[in-house]
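This briefing is meant for a reader who is meeting the structure for the first time. Please look over the sequence and the model before turning to the points below.

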Amino acid sequence: MAWNQPGNNGQDRDPWGSSNNQGGNSGGNKGGRDQGPPDLDDIFRKLSKKLSGLGGGKQSDNNGQRGGGSGGKLVGIVAVAAVVIWAASGFYTIKEAERGVVTRFGKFSHLVEPGLNWKPTFIDQVRAVNVEAVRELAASGVMLTSDENVVRVEMNVQYRVTNPEQYLYAVTSADDSLRQATDSALRGVIGRSTMDRILTEGRTVVRSETQRELDETIRPYNMGITLLDVNFQAARPPEEVKASFDDAIAARENREQYVREAEAYSNEVQPRANGQAQRILEEARAYKERTVLEAQGEVARFALLLPEYKAAPQITKERLYIESMERVLSHTRKVLVNDRGNSLMVLPLDQLMRGGQASGGQNSQKNTNLMKLPSSGSSASNDDSSSYSPSSIMDQRRANASRNDTQRAGRE
């Protein structure tokens with residue numbers, strides 16, 4: 001429809017309800033066909049009147065028209081400024097370690113990455129969640145053990161947010177739910193352990209079991225967090241019996257110390273004893289081999305001497321006797337003395353020498369004169385006062401044996 005459609009007996013149909021007649025009547029619909037487009041100032045003026053609740057009263061003079069136009073312009077400026085402020089207020093920044101959770105009219109919409117972003121104010125809400133920081137949660141309390149003792153336990157849980165949406169909206173409060181789950185898991189583990197084990201060697205077991213039960217407890221709730229570590233910080237008895245438990249712990253530590261010292265001594269002594277035992281075994285084996293070989297050598301030697309003995313028994317016996325005596329007397333310092341008879345005296349030369357050194361030169365000369373041995377009765381003897389050494393005796397016996405062999409060979 002045109003702005004000024006003719007008809008209705010010469011009256012135009014202006015939808016804005018105004019005319020440009022110079023008579024000043026702004027309330028009628030009268031006007032010529034050559035009327036132009038509507039005035040925007042007049043439109044803003046009427047709109048401002050409606051918004052201000054003043055109604056659509058008519059203005060009868062030009063001053064009123066100019067005042068209404070100024071008010072319309074002011075309203076337009078205010079509206080534009082409001083739109084600009086509204087648009088500018090939607091800009092926000094998400095840090096590098098954070099993720100933004102956007103909700104539109106209270107319902108989750110999407111996640112926002114780090115950087116500069118924009119949201120329609122009053123429509124979207126953004127909550128920044130740190131997904132890289134390691135968060136800590138402390139749990140402590142007085143708990144009952146399986147042996148009906150009371151112990152105070154302190155534990156620290158470290159975790160990290162891995163799913164911001166689940167962390168904010170899966171449960172009412174993920175941190176509070178984790179605290180309750182930690183307390184429940186810790187009490188369950190403490191209730192299955194004895195107090196001695198908790199205070200001494202069972203701390204690592206309590207820590208690992210608590211972490212396992214806590215992880216199993218929070219997994220079905222999908223709270224968007226991941227457990228990193230569970231630290232078992234302290235476990236101590238009540239103050240009323242703390243002194244007695246300290247004594248018991250000190251006794252256990254002393255026992256462990258003594259056990260470690262005994263193990264260290266055992267580790268030091270046992271290898272040495274094993275080495276000595278091995279050395280004795282090796283020496284025994286070597287002695288066995290040497291003895292067996294010597295025996296076999298003696299058997300072989302006697303086997304070779306047997307034909308000679310059968311051919312000349314007396315000569316062979318004399319030779320064996322001489323060789324045996326030579327071997328025996330070569331390691332002794334004693335002297336045999338024949339006092340013109342068949343009996344022999346054995347003089348300890350080493351004792352005589354020590355006694356001679358203690359008594360002086362004269363006694364030493366006197367003791368040396370006692371070491372006399374005459375020649376054998378079967379040969380021409382030297383003077384009875386002459387001295388003989390073991391080697392000279394053996395040489396004389398060899399000479400006698402050779403003489404006897406020669407004589408026997410001559411008779412044969």
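The structure is a predicted model, and its protein chain holds eleven helices and ten strands. Of the 412 residues in the protein chain, 23% count as buried. Among contacts in the protein chain with a separation of 6 or more, 57% are accounted for by residues 24 or more positions apart.

**Helix α4 against helix α6**

- Helix α4, which covers residues 174-191, and helix α6, which covers residues 203-218, have axes that come within 9 Å of each other and cross at roughly 135°.
- Because angles from 65 to 115 degrees count as roughly perpendicular and those over 145 as roughly antiparallel, α4 and α6 are described as oblique to each other.
- The crossing of α4 and α6 is right-handed.
- On the side of α4, the residues that meet the partner helix are L178, A181, T182, A185, L186, V189 and I190, while α6 contributes V206, E209, T210, E213, L214, T217 and I218.
- Sorted by class, the contact of α4 with α6 comprises nine nonpolar, three polar and two charged residues.

**Helix α7 against helix α8**

- Helix α7, made up of residues 242-311, packs with helix α8, made up of residues 313-329, at an angle of about 130°, and their axes are 5 Å apart.
- With that angle, α7 is oblique to α8.
- The α7 residues that make this contact are L305, E308, Y309, K310 and A311, and those of α8 are P313, T316, K317 and L320.
- The residues in the contact of α7 with α8 divide by class into five nonpolar, one polar and three charged.

**The aromatic pair**

- The count of aromatic pairs comes to one.
- This pair is formed by W86 and W118, whose arrangement is edge-to-face, with 6.1 Å from centre to centre and 85° between the planes.
- W86 belongs to helix α2 (residues 62-88) and W118 to strand β4 (residues 115-118), so the pair ties together parts of the chain that are 32 residues apart in sequence.
- W86 counts as partly exposed, with 31% relative accessibility, and W118 also counts as partly exposed, with 40% relative accessibility.

**Residues placed in strands**

- N130 has its place in strand β5, which covers residues 124-130, and at 24% relative accessibility N130 counts as partly exposed.
- When residues up to four places away in sequence are not counted, N130 touches A97, E98, R135 and V161.
- The C-alpha atoms of N130 and E96 are separated by 8.9 Å, although these two residues are 34 residues apart along the chain.
- E154 lies in strand β7, which covers residues 150-161, and with a relative accessible area of 22% E154 is partly exposed.
- Once neighbours within four places in sequence are left aside, E154 is in contact with A139, S140, N231, F232, Q233, A234 and R236.
- Between E154 and A139, which are 15 residues apart along the chain, the C-alpha atoms are separated by 5.9 Å.

**Residues placed in loops**

- F105 lies in the loop between β2 (98-104) and β3 (107-112), and F105 has a positive phi of about 55° although it is not a glycine.
- With a relative accessible area of 66%, F105 is exposed.
- N222 is found in the loop between α6 and β8 (225-236), and its phi is near 50°, which is a positive value in a residue other than glycine.
- N222 counts as partly exposed, at 45% relative accessibility.
- S193 is found in the loop between α4 and α5 (195-199), and S193 counts as buried because its relative accessible area is 5%, where buried means under 20%.
- Leaving aside neighbours within four places in sequence, S193 is in contact with T145, S146, I198 and V206, and V206 is also one of the α6 residues that meet α4.

How values were computed. Residues are numbered from 1 along each chain as its sequence is written. This is a predicted model: local features need pLDDT of at least 70, side-chain atom pairs count only at pLDDT 80 or more; totals for chains, interfaces and linings use all residues. Side-chain values use heavy atoms; hydrogens and water are left out. Axes are lines fitted to C-alpha atoms, for helices over the stretch in contact, and angles run from 0 to 180 degrees between N-to-C directions. Helices (H or I, at least four residues) and strands (E, at least two) are DSSP runs, numbered from the N terminus. Angles under 35 degrees count as roughly parallel, over 145 as roughly antiparallel, 65 to 115 as roughly perpendicular and the rest as oblique. A crossing is left-handed if the near helix is turned anticlockwise from the far one by less than a right angle, and right-handed if clockwise. Contact means heavy atoms within 4.5 Å. Ala, Val, Leu, Ile, Met, Phe, Trp, Tyr, Cys and Pro count as nonpolar, Asp, Glu, Lys and Arg as charged, and the others, Gly among them, as polar. Rings of Phe, Tyr and Trp (its six-membered ring) pair if their centres lie within 6.5 Å; planes under 30 degrees apart count as stacked, over 60 as edge-to-face and the rest as tilted. Buried means under 20% relative accessible area, exposed over 50%, partly exposed in between (1.4 Å probe, protein chains only).
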